[in-house]
Amino acid sequence: MCFVMTAFVVLAPLVLTAQAPTSSASKADSTVSQEPEAAGTNEAAELAQKLTNPLAALISIPIQNWFDFNLGPNKDGFRYTVEAQPVYPVQISKDWNLLSRTTIPIVYQQNIYGRTTQTGLGDSTESLFLSPVHTKSLIWGTGPIFLIPTGTNGLLSTRKFGIGPTAVVVKHKGHTNIGLLASHVWSVAGSDSHPSVSQTYAQPFVAYTTKTAWTFAMTSYDTYNWTAGRWTVIVNPIRVSKLMKLGQQRLSVGGALRCTVTSPQYQPKGCGLEFTFTPVYPARRE
């Protein structure tokens, strides 16, 4: 699985770069290094702020790394999750964008179900957002979300296909973005040996980006399992990230504490760690 993820991270930028149409905008990008430093800084800050907007016209591949502790009946369990979240926007008309957001998790966990270890793919999701092109301070998008049982282990998967609605709303003002990403998924097919899925997810966030492309954000990941009647609430009290440039590649690097406020039995307690690496490819508009 590690080789698969490594190949994805290495090859995806080459594929996306090859697919990106050339335009006058790309010519302008090639001259960035010849512009005054202040202009380059403003461009980086603008790009960094767009990364805090889930509906921005950016091709990106966030690679999120989560380290969770204190799991299992003896609270000595550990889970490491690496999740790729490729985002691809397409302008389908002069007035509308269609944005695809996919999640592909790989999980390693131990001592959660007795003295056992599980490694493999978790379940994936695919979200589609239809969003207006011409927006000012209030940005929104909505569409379907699909749950796909790609998990390679019964303890890492719901074994269910699911579908439901998802939506994003973002208020943009100055250097700040405030928003909410939400969804609900119901299972519609799958294994009878696993419980049905009825789950609501909400992710409120606030992010502030400086003129030097530093971003400071607060986020909460809130999940309610209607089948079990249980909440999972994980908070990033502060996330810090920086947009930088490695050669010609724009890359955002960030980290945060990952603190569990409430969770079901045997799930994470206390605080863990989160690290994110996001290659960015500005989408071109015709």
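I began at Leu180, which is partly exposed, with a relative accessible area of 35% (buried is under 20%, exposed over 50%, partly exposed in between, with a 1.4 Å probe and protein chains only). Leu180 sits in strand 10, residues 176-190 (strands are DSSP runs of E, at least two residues, numbered from the N terminus).

I noted the basis. This is a predicted model, where local features need pLDDT of at least 70, side-chain atom pairs count only at pLDDT 80 or more, and totals for chains, interfaces and linings use all residues. Residues are numbered from 1 along each chain as its sequence is written, and side-chain values use heavy atoms, without hydrogens and water.

Next I looked up Ile238. I found Ile238 in strand 13, residues 230-246. Ile238 is partly exposed too, at 42% relative accessible area. Leaving aside neighbours within four places in sequence, Ile238 is in contact with Phe216, Ala217, Gly255, Ala256 and Leu257 (contact means heavy atoms within 4.5 Å). Ile238 and Leu257 are 19 residues apart in sequence, with 7.0 Å from C-alpha to C-alpha.

Then I checked for cavities. A cavity is a set of points on a 1 Å grid over the protein atoms alone where a 1.4 Å probe fits but cannot get out; lining residues have an atom within 4 Å of a point. I got one cavity of 30 Å³ or more. The volume of the largest cavity is about 30 Å³, taken as the space filled by probe spheres set on the points. Its lining is Leu55, Pro89, Asn97, Leu99, Phe129 and Ser131. Strand 5 and strand 7 (124-132) each supply at least two residues of that lining.

How values were computed. Helix = DSSP H or I, 4+ residues; strand = E, 2+ residues; numbered from the N terminus. 1 Å grid on protein atoms, 1.4 Å probe; cavity = no way out; pocket = protein on both sides within 12 Å on 5 of 7 lines; lining within 4 Å.
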